[in-house]
Structure formats: C-alpha cells, structure tokens
Amino acid sequence: MVEERFNLQSANWISYVLDPRNQIPDIGDPNLVRDTLVVFLGNIIDGLYFHGKTQTKIIEKAVHMRNTVRERPYHRYDDIVMNLRDIFSKNEWTAIFIPSGLKESLSIDKLLTSKNFLLKLSRTIKTDPHLILHLKEAPQKDFAITDVYPPFQSALSKSTRWPGILLWRNRDEPLFFPLPAEKTEDAIHWIFSRADDITNTPGYLLTHHYLDAFPSCRIHRGSRLTLLHLSDTHIGSKRSIERIIRVKDLLKDYINRNKHDSSVVFLLSGDIMQTPDETNVICANDLYDYLKDLYPCGQNPIFVPGNHDVRRKGVLRNRTAFPSLVPACNTRIEWIPEYPVGILCFNSAERGRMARGKISEGQYKTIEENLDHFPGGDTNPILISLLHHHPLQLHLIDPEMRRFHIKTLGASFRKIIGSAYERMDGLTEAQEFIRFCDSFGVKVILHGHKHIPVAGRIPENLLENRPILVFGCGSSVGKNTYIYRKLFNVDYEISFNEIVLDLKTHLISGRLMVEKQYGKGLATKKTHHGFVSRSAIGP
C-alpha cells in the first residue's frame, strides 16, 4: 500500500481549506489533494486536534469523510471541505511544524515529523480545537510552493533559520519561532504551554518572551543580508505604467515585514527602460530614488544595463543613456558595507548584437583588478555576479521547478519552447563567463532578460570548483513578449527574487516570487507562487 503524502504544499492547501475567507486554490496534483485530506482526517480520528465532549461525534464524522475521499476516483471534495470548515469554525489559532530538510537538523526534523510526539504534545493543550499541522516529510533543498497561503510568507522568508514553528491567529500577523539545536523540546513546550494565552497576548510580546527564554534563536539583522532582485521593468512600456505602483507597494510591504530581520539591498538586472530616451531616463531615476528611500540605511540600489537600455526597442542601433542615469551602469564591483559580500556588475549589453549579449575582455580585466581591493581585508568574500543576459539554457528543469512553472507560465510553455529561441538572444561565449566566475569563486549568478523566473545550478562538467547557483528573475512588471502571451498564455503580473545570505547558519536561500491574478470582475484576487532553493555558502 502506498503511503499518503502530507508535505509543505499539503499544509499550505489545508490552511486554505480551513479558512472560510479564502477561495481554495487548485494544487494541480489531484493525488496530493486526496492524500492531504486522508492524512488530515486520519489525524482528527487519532485525536490530534480535539479532546473533550465533542470528540466522539467529530471522530465519527471524520471516519465517514475519510471513507468518502478514499472511494472517490476524482478530486472534487466540496462537501468534505464545507464540513471541515464547519468543524474548525471556532479555531482561533493554527501552528505548523516546519522541519529544515538539511542534514544539520536531522534529529530535530525527526522530532517535528513524529506523530507520536505530536500526540503527546496535544494531550497537554486545553484549547479545543488546537490545530497543529505536522509534515510527514521534510522539505527538499529545492521546492515549489504554489498559491502561497499569506501567513506562510513569514516562514518562507526565514528558510535559512528552519527548523521552526509558524503560528498565526485569524486577526494577527503570523509569528515564526526558530527552534534551538539544544533543548528543542523545551522550546516547543514553552510555546504551546502558553496556548491558552495565544489568543489574548500580542504577537510581538509572545515573540519577545520566547527569545528571552531561548536567546540563540534571535535573528539579528547584521547576520543576514537580503538581496531583492528585480529585472526587466521596461519603464515607458504600457505594462510598466500599469504595474510599477503595485511593484512599489509590494516592495514597501516586504521591507516593513522584514527590516528587523535582515539588511536589504535592491538589485535590478537590466532592461530598466523600454527604450533609452530622456523621458524614460527620468522615470528610471525616480524608481532608483524610490528604492533608495525605501531602505535609506543600507547600500544604494545596484543597477546593470540590458539591451533595451542601450538599443532602441532592445535591438536597434545603440543610443546610450547612461550619462543621464543616476545609478551607475558601468562594469564594477559593489562591496556591501559591513558584509563580506561583493556584487560583480557586468554590462552584457555593451558588445552584444540585437537582443544578444556579450562581455568584453576589458570587463573581465576590470573586475579582476578590483577583486584585490576588498574593504576590510577579508580574503574570502562571498561573490555574486549580476548581469542581464542568461548564461544557462532553460532545459533540464527538475520536477519542482516544472510544477512552479506550470502555475506561473502555463502547462504548454515548457513542452513547446526549444533551445533555438534561447540561443538567439542569450549570452555569447557564455562558457567563458562561467569559467571566469568559477575561477574566482563566485557563489551565485543573477540575471534577467528571458522574462522567466528560474533557478538552477551550473552543470558540474563546466566547473572545476564549488557549485554555482543561478537565479533568473522574470519581468518585475509582467512585460511578457508577444510569443509568450499568444502561444503559451503566459501572463503573470509581477516577479522578483529574494536572495538571503545568512552568515550565522552559512546558508544561501533563493526564492522566486511571482504574483498572478485569478478570477474576473469583483471576484478578482491576487495569488502568489514561490520556488525556494537553499544551499551551503561554504568556504
């Protein structure tokens, strides 16, 4: 008998099921829907969420519902969903155990995925119902999570500090509690021993008391650097005019939610403008100033140019607008103050033709000469390359990335598009660029240009040293090309990436974030999809 699954995507989906304020999204995997309901109903039957006078009747209902789910060959379970919403209508808080999935936390992960441990914990909680979700499997290093339930954003932005507990109340901001490597059970019991007070205690006060009790779990801003990676804003285009305000609002909201947990630097990997004329330059400078004011205590925003910034409509003769642009667009290294991090900024549009890109020997020489001048004398800084054109073709995508793309780009996109189109507008002599990055120990390459959010790794056969992660940002304003829109029905609205360098846990986390619209008229809503990739920073 095949064991039913209950993973992070399952917990995300069941959270929608139990929240009557939200429309329930389609996971896209009917078997996972079925597995999720079977496991969740099994937990009710085993007494994980209720105890007291109502338990017997609820168990009887749960047994009947589980049998119904198992008997149905299709994945429409509307009646089951309505019954579950009714059963949990008085639920005041929800928690989820989030294992790390990394080998360093193996013992804690086993505890968090143990049903026996949760049963024992459940018996100590008086609140009824007490909804604590636990996964049957830890997240992989790379995983997709689609239609992200809003409270989950808080945990996803702190994936370098997993394992932990995410807790939210219906009317309050979600709380994320990192778990200590030692006294893990004590920390868990500390949180849930206060379950009766969770509904009345302000979230910030509960978090403050927890961190006083377990100081090793504090997330100091100085220990984490977040790079918010935007691309292809195409200022001056119709899409940019329509959506740039929404982009600004999302970034402002992100800063307000995360400014106490991490320092932030904004990156924009080219095609800042639709075409390099003076009106667009003024608007590009306005965006730069907005980003600078949004996080005034840190590094200035870092921009590099794309083909649309130097060639009319991206492909016609050069019309350089750099002298009027406030942000620097020349080849350089931007050293991040107070962090051992350098951003290698390349101008891949300088020598390219039409929509293609190329990096000149002079640029490699400039970067190499400046690598000897790291402020502070650190001999092993974390190096990240930033350019516009993609150095890696988009085939050989793993199943989790494919699942993310089906939600963001459409099911037909990956099947039809071929490598010929990618060769037409990619980076000329890409292997030379990869060889340069490999020889100088670059950890991450960030790019734009394709308008496709994607994450991957440089193939091992092209490298002599440590792995190099690659993150491509889609168009931050959803400026999708005619071929994407008409042939593949690609129409996501907003895309930006979050790259977190955690100097305490020595982890890099990259998260692709896409916002889409679903529904029409008054029912129109926004939904978010994510893909997370985590890796050790290493020496």
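Modeller: Ring pairs tie F346, Y364, F433, F436 and F440 together into a cluster. Keep in mind that this is a predicted model. Across the model, the count comes to 22 aromatic pairs. One of them is F404 with F531, and that pair is tilted, with 6.2 Å centre to centre and 50° between the planes. Why tilted? Because planes under 30 degrees apart would count as stacked and over 60 as edge-to-face, and the rest go down as tilted. The two partners come from distant parts of the chain: F404 belongs to helix α15 (residues 399-408), F531 to strand β17 (residues 525-536), and they are 127 residues apart.

R194 sits over W190, at 3.8 Å from the ring centre. K248 does likewise over the face of Y290, at 5.0 Å from the ring centre.

Now for the sheet. This one is open, has six strands and mixed pairing, and runs in the order β9-β10-β11-β12-β14-β13. The edges are β9 (332-335) and β13 (454-457); each has a single partner strand, so one side of each is left without a neighbour in the sheet. From one strand to the next, the twist averages 20°.

β9 and β10 pair in the antiparallel sense over four bridges, and E334 has I343 in β10 as its bridge partner. The hairpin of these two strands has five residues between them, and there E338 takes a positive phi near 70°. Where do the side chains of β9 go? R332 and E334 point one way, I333 and W335 the other way, and all are buried. In general, side chains in a regular strand alternate between the two faces of the sheet.

Step across to the next neighbour and the sense is parallel: β10 (residues 341-345) and β11 (residues 382-386) pair that way over five bridges. Within this stretch, C345 stands opposite L386 in β11. That puts both senses side by side on β10, antiparallel with β9 and parallel with β11.

Conventions
Residues are numbered from 1 along each chain as its sequence is written. This is a predicted model: local features need pLDDT of at least 70, side-chain atom pairs count only at pLDDT 80 or more; totals for chains, interfaces and linings use all residues. Side-chain values use heavy atoms; hydrogens and water are left out. Rings of Phe, Tyr and Trp (its six-membered ring) pair if their centres lie within 6.5 Å; planes under 30 degrees apart count as stacked, over 60 as edge-to-face and the rest as tilted. A charge sits over a ring if NZ of Lys or CZ of Arg is within 6 Å of the ring centre and within 35 degrees of the ring normal. Two strands pair if DSSP finds at least two bridges between them. Axes are lines fitted to C-alpha atoms, for helices over the stretch in contact, and angles run from 0 to 180 degrees between N-to-C directions. Buried means under 20% relative accessible area, exposed over 50%, partly exposed in between (1.4 Å probe, protein chains only).
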